[in-house]
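Have the sequence and the 3D view side by side as you read.

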Amino acid sequence: MEYLTFALAKGRLAEKAMELLEEIGIGCDEMKEDSRKLLFTNEDIKCRFFLAKAQDVPTYVEYGAADIGIVGRDTLLEEHRNLYQVMDLKFGKCRFAVAGRADEVTDRLNSNDLRVATKYLNVAKDYYFNKKRQTVELIKLNGSVELAPVVGLSDVILDIVETGSTLEANGLKVLEEVCPLSARLAVNRVSMKLKYDRISEIIRGLKELCSSDDQNR
Ligand code: PRP
């Protein structure tokens, strides 16, 4: 039997993703060991697993280096990769929002004279240029985006808000909601055909698990 390969986004989502997979019998003890290894195998069920930077997960899945990816909707929206987004895993819930110092920018939110800092340039282009039809200036940053309005680099940010504590700690407020986010299961288009039975069994298992989680809430 060929291996089924999973790419998991490093960080907040990986642990919960492995927990879910374990619950449907797709665990990997080797992954729990402390090592510098990057690829882990469970020979009993012919599965391989690796952790990658979130932005790279859709790339591994599109090219078929991973059959399945677990990654946030934020990354899928930003990366625009050619893959199947098969299900909402209902964890890692957060949202994209525009935030800034309410007293300084509220009256300029719809003007073209607005500077927006973000890690998510494609998401910001889509939101401002296509949805709002607003010609703002976009500034790409790579992290700690909340700093931008505080030090005067931008008027607002478009970023992920989960608990809201980073915004609050920096005197910023949500000014516009953009869209809800959560972890997604992504599948390579060719793998979906060639490994259909195994992949659909996984999807079925995860769907059952997610719907029973919903009922227990
Ligand atoms: C994310 C996001 C916000 C923060 C939101 O950053 O970009 O900064 O989490 O979470 P909160 O609403 O619960 O405070 P991340 O921790 O991924 O680090 P980064 O700033 O380096 O991108």
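1. Some terms to start: helices (H or I, at least four residues) and strands (E, at least two) are DSSP runs, numbered from the N terminus. This is a predicted model, where local features need pLDDT of at least 70, side-chain atom pairs count only at pLDDT 80 or more, and totals for chains, interfaces and linings use all residues. Residues are numbered from 1 along each chain as its sequence is written, and side-chain values use heavy atoms, with hydrogens and water left out.

2. Let's go to the ligand.

3. Now the polar contacts (pairs of N or O atoms within 3.5 Å). A polar side-chain atom of threonine 166 is 2.4 Å from a ligand oxygen, and for serine 165 a side-chain N or O atom is 3.4 Å from one. Glutamate 162 uses a backbone N or O atom instead, 2.8 Å from an oxygen of the ligand.

4. Phenylalanine 50 and tyrosine 60 have ring centres 4.8 Å apart and planes at 70 degrees, so they are edge-to-face (over 60 degrees; under 30 is stacked, the rest tilted). Because phenylalanine 50 lies in strand β3 (47–52) and tyrosine 60 in helix α2 (57–63), the pair ties together parts 10 residues apart in sequence.

Definitions and conventions: Polar contact = N/O pair within 3.5 Å; in protein donor to acceptor, adjacent residues only side chain to side chain. Phe/Tyr/Trp six-rings, centres within 6.5 Å; stacked < 30°, edge-to-face > 60°.
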